[in-house]
Amino acid sequence: MPLPASGGAALRAVPKLVIRFSRKGCANRPFYHLQVTDKMVEQWEQCIEQLGTYDPLPNERNEKLVSCNFERIRFWLGEGAKLSKDAAAMLGMVGFLPIHPSSYIHAWEKRRAAELPEPPMPKKLTWRERKKILMQQAEDRLKAPAVEEELKESEELKESSQSS
């Protein structure tokens with residue numbers, strides 16, 4: 001590193017701090033820690049400080065548990081730490097920040113998907129079930145002309161009784 005013009009000690013690069021989630025837990029059972037880390041550090045490496053936790057799987061009361069140390073979050077934001085998109089969305093949902101726009105978009109998409117009717121899932125039929133359905137359809141086709149003839153005869157009887 002070059003020396004400053006005053007001839008003092010070499011300048012150190014100021015770390016870029018970020019508040020983000022770090023995935024913990026095991027396969028099919030995620031658990032997240034809200035951490036302050038250097039932006040260039042991977043999520044599995046040592047963090048500067050853990051600020052909270054988030055459990056995305058609902059418990060028996062259908063709640064997703066979140067715990068945050070708001071005093072320390074406020075301190076690190078004052079120190080110049082930036083928030084990741086997911087951390088900002090979560091802090092908006094718990095009321096620490098304004099609700100993040102992506103939270104609104106996600107809610108609108110889920111609402112729109114809930115309003116649309118789901119198409120019925122086609123059932124795979126066995127060959128016996130298919131044969132039974134085809135036989136029933138063939139029988140219905142054979143019976144259909146007989147039904148039409150009966151309707152015509154009943155209409156003719158009504159007309160003849162009305163004319164007399």
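A search of the whole structure, a predicted model, finds 6 aromatic pairs. Phe21 and Tyr54 form one of them, with ring centres 5.9 Å apart. Their planes meet at 40°, so the pair counts as tilted. This pair links distant parts of the chain. Phe21 belongs to strand β1 (residues 17–26) and Tyr54 to strand β3, 33 residues apart. Both Phe21 and Tyr54 are buried. Together with Tyr32, Phe21 and Tyr54 make up one aromatic cluster.

Phe75 and Trp76 form another aromatic pair, with an edge-to-face arrangement. Here the centres are 5.2 Å apart and the planes stand at 80°. The accessibility of the two residues was also computed. Phe75 has a relative accessible area of 35% and is therefore partly exposed. Trp76 has a relative accessible area of 12%, under the 20% limit, so Trp76 is buried.

Strand β3, which holds Tyr54, spans residues 49–55. Of its 7 residues, 5 are buried, so β3 is largely enclosed by the rest of the structure. Strand β3 pairs with strand β2 (residues 29–38) through 5 bridges. The two strands run antiparallel. Strand β3 also pairs with strand β4 (residues 65–68), again in the antiparallel sense, over 4 bridges. Gly52 takes part in both pairings. Its bridge partner in β4 is Cys68, and Leu34 has Gly52 as its bridge partner in β3.

Key:
Residues numbered from 1 in each chain as written. Predicted model: local features only at pLDDT ≥ 70, side-chain atom pairs only at ≥ 80, totals over all residues. Heavy atoms only, no water. Buried < 20%, exposed > 50% of the residue type's maximum accessible area, 1.4 Å probe, protein only. Pairing = 2+ DSSP bridges. Phe/Tyr/Trp six-rings, centres within 6.5 Å; stacked < 30°, edge-to-face > 60°.
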